[in-house]
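Welcome, and thanks for keeping your viewer open. Let's take a short walk through this model together, one selection at a time.

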Amino acid sequence: MQNTLRPAGPARPSAAEANEAIRHLVETGVDGEWPSQAYEFLLEEWTAASRAEFAAAQ
C-alpha cells in the first residue's frame with residue numbers, strides 16, 4: 001500500500017490551482033530531470049479537485 005502526501009492545511013487546491021502548479025513544474029524542470037514524485041502528487045491533487053468540483057456542480 002502506498003501512502004500519498006496530503007496538504008498540511010484544511011483545504012486542497014482547486015483544479016485550476018493544481019493545473020497551474022503542474023504547468024509550472026513542467027516549465028521549470030531542473031537540469032532535464034523529471035520530478036516524477038512531485039508530478040504524481042500534483043496530478044492526484046488535480047484529480048481530487050476535479051472530481052470534487054464536478055460533484056459540487058451536479
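At roughly what angle do the axes of helix α1 and helix α2 cross? Before turning to that, please keep in mind that this model is predicted.

**Stop 1: the whole chain.** Select everything and switch to a cartoon. The protein chain shows 2 helices and 0 strands. Now try a surface view: the accessible surface is about 4,800 Å², with 56% of that belonging to carbon and sulfur atoms. Of the 58 residues, 12% count as buried.

**Stop 2: the two helices.** Select residues 15-27 for α1 and residues 36-57 for α2. Here is the answer to the opening question: their axes cross at roughly 160 degrees and come within 8 Å. Angles over 145 count as roughly antiparallel, so α1 and α2 are roughly antiparallel to each other. The crossing is left-handed.

**Stop 3: the contact.** Show side chains where the helices meet. On α1, pick Ala 15, Ala 18, Asn 19, Ala 21, Ile 22 and Leu 25. On α2, the contact residues include Leu 42, Leu 43, Glu 45, Trp 46 and Ala 49. Coloured by type, the residues of this contact split into 11 nonpolar, 2 polar and 2 charged.

**Stop 4: Glu 45.** Zoom in on Glu 45 in helix α2. Is this residue buried or exposed? Its relative accessibility is 2%, so Glu 45 counts as buried.

Definitions and conventions. Residues are numbered from 1 along each chain as its sequence is written. This is a predicted model: local features need pLDDT of at least 70, side-chain atom pairs count only at pLDDT 80 or more; totals for chains, interfaces and linings use all residues. Side-chain values use heavy atoms; hydrogens and water are left out. Axes are lines fitted to C-alpha atoms, for helices over the stretch in contact, and angles run from 0 to 180 degrees between N-to-C directions. Helices (H or I, at least four residues) and strands (E, at least two) are DSSP runs, numbered from the N terminus. Angles under 35 degrees count as roughly parallel, over 145 as roughly antiparallel, 65 to 115 as roughly perpendicular and the rest as oblique. A crossing is left-handed if the near helix is turned anticlockwise from the far one by less than a right angle, and right-handed if clockwise. Contact means heavy atoms within 4.5 Å. Ala, Val, Leu, Ile, Met, Phe, Trp, Tyr, Cys and Pro count as nonpolar, Asp, Glu, Lys and Arg as charged, and the others, Gly among them, as polar. Buried means under 20% relative accessible area, exposed over 50%, partly exposed in between (1.4 Å probe, protein chains only). Accessible areas come from the Shrake-Rupley method with a 1.4 Å probe; for residues, only the protein chains shown count as cover.
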